Structure formats: C-alpha cells, structure tokens
Amino acid sequence: MRFVIQRVTKAQVTVEQQVIGKIGEGFLVLIGVGQEDTKEIADKMVKKLLGLRIFEDENGKSNLSLADVQGELLLISQFTLYADCRKGNRPSFVKAGAPDMAEELYEYVVEQCRQQVPEVQTGSFGADMKVELLNDGPFTILLDSDEILK
C-alpha cells in the first residue's frame, strides 16, 4: 500500500464539474493499493498516517499531528502509484490491486480514518477526478508499506 501525503491548507476533488470533497487544513492523501495488500497492512498504514507529526508547533518545529491541529482528511484512490516505469515509456500497472479488491481496501481505509478523524472527505473510486490543493510548505511524504512494515 502506498500513501502520498501532502500537508495542505485546502484541497478539493471534482468529478464532472461537481465538487465532491473539500477540506481546509489537513492532509490530502493519494492512496494506492497493491496486489498483496490486506486489512492488517491498511491498519498499520492508517496508524502511521494519523500519527505523523508534520504540523508546526509554536516554535516552528514539525511536532504536531493531525489531531493536534484538528486537521481534516481528503482521501483519493490512485492506482497509478503502482506504475512500473522500468521498461519503455508506457507504465505498467500490473502490481496495482485488482479493482474490486482495491476498492474494498480503499473503503476500509476511509472507514478506519472516519473512526478517528471528525472530517474525512473522499474522491470517487475509479472516476476521472480533478484534484486541487494548496500544499503547505510544500510538505509531501511517501509512505510505502514495503518500507514501513519491515
């Protein structure tokens, strides 16, 4: 499982010219599900995501979590995080999870986050989405379950 986490001051997602998710300060998270992913892996990824202390405290140090700043989440499914660009110029996505399995795990991640974060917005799985954000910092982190779960 892969999360691209961007600390934002605002973000929104649009489908067919309709805003379907919008947040203020918080995290925009692009979520990629791989073939080998499970709910147990998702649980560990969510724990790491929600525990990240990347908001500035009164001394300007990255020391506060999402909960500390009462931040919001915008969660977007993104199978292209599993692009394999080693051969040729056209990426392969064979390592991405099958759509049914990936959607189930994406929805599981959303539900786990909703149990802990008051404001969680989402995109639409499999839709053509337009995502806008104002990255704060910029501050972007990649969490890869292959690396953090070792």
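This is a predicted model: local features need pLDDT of at least 70, side-chain atom pairs count only at pLDDT 80 or more; totals for chains, interfaces and linings use all residues.
Let me start in the sheet, where strand E6 and strand E7 (residues 120–122) run parallel and are joined by 3 bridges, and where Leu73 has Val120 in E7 as its bridge partner.

Residues are numbered from 1 along each chain as its sequence is written, and side-chain values use heavy atoms, with hydrogens and water left out.

Helices (H or I, at least four residues) and strands (E, at least two) are DSSP runs, numbered from the N terminus, and two strands pair if DSSP finds at least two bridges between them. Strand E3 (residues 26–32) also runs parallel to E6, through 6 bridges, and Leu30 has Ile76 in E6 as its bridge partner.

Of the 6 residues in E6 (residues 72–77), 5 are buried, where buried means under 20% relative accessible area, exposed over 50%, and partly exposed in between (1.4 Å probe, protein chains only).

Turning to helix H1, we find Ile41, Ala42, Met45, Val46, Leu49 and Leu50 buried. Seen down the axis of H1, the buried residues fall within an arc of 155°, so they line one face of the helix, the arc being that of the directions from the helix axis to the C-beta atoms. On the other side of H1, Glu40, Lys44 and Lys47 are exposed.
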